[in-house]
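Good morning, and thank you for coming. Please look at the structure on the screen while I go through a few of its side chains.

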Amino acid sequence: DPWFFVLRDAVEFADGARRMHARVVSQNIAGSAVFPLLDGKIILLRHFRHPIRRAILEIPRGSVEPGSSPEETAHREVREEMDGVIRRIEPLGLLHGATSLYNNSVHLFFAELESVGSPQIGEGIESIEHYTVAEFEDLMRQGDILDSFTVSAFAHARLRRLI
């Protein structure tokens, strides 16, 4: 696969026990995810994700390509996935996803947008949706926001009083 491969390792634990563990090794070990705001509303993508066989609400994200910075990647992903333009961007921190399986991490960003356009339909993005903070929180409570990057970025933005 051009993006990752799967290894099965023999692991010896501190108590001497030995077990096999699988891990997914990404070609690009870093990504960027952007929590976007436009005119005071949170912008989410309704994105079909093949592994879970459904579309979910999430923030734009993608892999940091060789020679690019996490911030450049954030700008690129917003441009590609929602035809958006970032006015202001602020780092929120680093997140490790499924640490029992993956070796990669994601740089989280908060961004105020100047504009959004059309969704990147060819990548499975069905729509661009706008929510108030209260609506977003209701969606979380109802179990309609399931993406860990989106939930984490929201928590970081909320703690920093950016939303």
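W3, F4 and V6 make a nonpolar surface patch of about 350 Å². Such patches join nonpolar side chains (Val, Leu, Ile, Met, Phe, Trp, Tyr) within 5 Å, from residues with over 30% relative accessible area and no salt bridge; a salt bridge is a side-chain nitrogen of Lys or Arg within 4 Å of a carboxyl oxygen of Asp or Glu. Accessible areas come from the Shrake-Rupley method with a 1.4 Å probe, and for residues only the protein chains shown count as cover.

This is a predicted model, in which local features need pLDDT of at least 70 and side-chain atom pairs count only at pLDDT 80 or more, while totals for chains, interfaces and linings use all residues. Residues are numbered from 1 along each chain as its sequence is written, and side-chain values use heavy atoms, with hydrogens and water left out.

F4 belongs to strand 1, residues 4-12; strands (E, at least two residues) and helices (H or I, at least four) are DSSP runs, numbered from the N terminus. F4 is partly exposed because its relative accessibility is 37%; buried means under 20%, exposed over 50%, and partly exposed in between (1.4 Å probe, protein chains only).

Is E77, in turn, buried or exposed? E77 is buried, at 6% relative accessibility, and lies in helix 1, residues 70-82.

Finally, R19: its charged end sits over the ring of F13, 4.1 Å from the ring centre. The criterion is NZ of Lys or CZ of Arg within 6 Å of the ring centre and within 35 degrees of the ring normal.

Terms used
Patch = residues over 30% accessible without salt bridge, like charges linked within 9 Å, V, L, I, M, F, W, Y side chains within 5 Å.
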